[in-house]
Amino acid sequence: MSNTPAKVINLADRRAKKEDEARNAPISGWITWLYCPKCKSLEYSELEMPNGRVHKKCGTLVEEEEVQIDVRAEYTISLRNSKRLDELFKETKIPGFLKPFAKKGMGMLENLQAAEVQYRKRLENIVNGPVNSYPEEWDEKSLEMELKTLDPLGLILTEARQPNLHFPEVDS
Ligand SMILES: [Zn+2]
């Protein structure tokens with residue numbers, strides 16, 4: 001039988017609880033939306049450039065709009081989107097399902113999946129390493145923000161991924 005004093009167990013418990021909290025704490029970060037007034041193009045970047053930047057394609061100084069994010073929330077939602085896309089892939093592969101559109105549909109799903117993978121890569125860049133997602137029971141509705149659901153696919157876009165919220169004058 002172990003005769004570890006209760007106090008030690010207590011400390012270990014508390015440490016475990018603290019570690020658990022740290023794993024589930026929000027991680028603050030920034031995504032910057034870049035708008036080129038010449039090309040009318042929008043893209044996002046995870047890199048902060050305090051002295052401004054020019055659009056590589058045309059050399060014009062871009063307008064920037066920074067959006068504060070919870071890296072962990074963005075990552076978790078992106079993972080869920082990817083899971084949803086995987087399910088849709090499987091459905092699309094069922095013979096007969098969406099047959100005339102299957103090819104086009106697959107291409108679209110592939111592009112969406114690539115965008116999710118790319119987004120998560122950028123989020124990892126922000127923290128310089130892997131990001132732990134929130135647990136299964138975490139509800140994205142607990143975020144106080146305007147989530148946009150892409151119907152009929154059911155993908156969720158956070159505010160950081162809705163450029164029209166940051167550049168309302170731009171059609172995207
Ligand atoms: Zn440009």
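Among contacts in the protein between residues at least 6 apart in sequence, what percentage join residues at least 24 apart? The figure is 64%, where two residues are in contact if their C-beta atoms, placed from the backbone, lie within 7 Å. The structure is a predicted model, in which local features need pLDDT of at least 70 and side-chain atom pairs count only at pLDDT 80 or more, while totals for chains, interfaces and linings use all residues. Residues are numbered from 1 along each chain as its sequence is written.

**Overall form**

- The protein contains four helices and five strands; helices (H or I, at least four residues) and strands (E, at least two) are DSSP runs, numbered from the N terminus.
- Along the sequence, these elements follow the pattern α-β-β-β-α-α-β-β-α.
- The radius of gyration of the protein is 21 Å, whereas a compact globule of 172 residues would have a value near 16 Å. This radius is taken over C-alpha atoms, and the globule rule is 2.2 Å times the number of residues to the power 0.38.
- Taken along the principal axes, the box filled by the C-alpha atoms is roughly 70 × 55 × 25 Å.
- Of the 172 residues, 16% count as buried. A residue is buried if 20 or more other C-beta atoms lie within 10 Å of its own, exposed if 12 or fewer, and partly exposed in between, with C-beta atoms placed from the backbone.

**Helix 1**

- Helix 1 covers residues 6-23, which is 18 residues, and reaches 26 Å from its first C-alpha to its last.
- That reach is close to the 26 Å expected at 1.5 Å a residue; the expected span is 1.5 Å times one less than the number of residues.
- The number of buried residues in helix 1 is zero, so this helix lies largely in the open.

- Three strands form an open sheet with the order 2-1-3 and antiparallel pairing; two strands pair if DSSP finds at least two bridges between them.
- Strand 2 (41-45) and strand 3 (63-70) are the edge strands, each pairing on one side only.
- From one strand to the next, the twist averages 25°. For such angles, axes are lines fitted to C-alpha atoms, for helices over the stretch in contact, and the angles run from 0 to 180 degrees between N-to-C directions.
- Strand 1 (residues 28-36) pairs with strand 2 over five bridges in the antiparallel sense, and eight bridges join strand 1 to strand 3, also antiparallel.
- Trp-33 has a bridge partner in strand 2, Tyr-44, and another in strand 3, Glu-65.
- Thr-32 has Ser-45 as its bridge partner in strand 2, and Tyr-35 stands opposite Leu-42 in that strand.
- The hairpin of strand 1 and strand 2 has four residues between the strands, and Lys-40 there takes a positive phi near 60°.

**The nonpolar core**

- In soluble globular proteins, nonpolar side chains tend to be buried together.
- In this model, the largest nonpolar core has eight residues: Ile-31, Ile-69, Val-71, Tyr-75, Tyr-119, Leu-123, Ile-126 and Ala-160. Such a core is a set of buried Ala, Val, Leu, Ile, Met, Phe, Trp, Tyr and Cys residues joined through C-beta atoms within 7 Å.
- Helix 2 (71-93) and helix 3 each supply at least two residues of this core, and helix 3 gives the most, with three residues.
- Leaving aside neighbours within four places in sequence, Ile-31 is in contact with Tyr-44, Glu-46, Val-67, Ile-69 and Ala-160.

**A buried and an exposed residue**

- Ile-77 lies in helix 2 and counts as buried because it has 25 C-beta neighbours inside 10 Å.
- Beyond its neighbours within four places in sequence, Ile-77 is in contact with Glu-140, Ile-156 and Thr-158.
- Ile-77 and Trp-138 are 61 residues apart in sequence, and their C-alpha atoms are 10.0 Å apart in space.
- Glu-146 sits in the loop between helix 3 (102-127) and strand 4 (148-150) and is exposed, with 10 other C-beta atoms within 10 Å.
- Glu-146 and Glu-159 are 13 residues apart in sequence and 6.1 Å apart in space, C-alpha to C-alpha.
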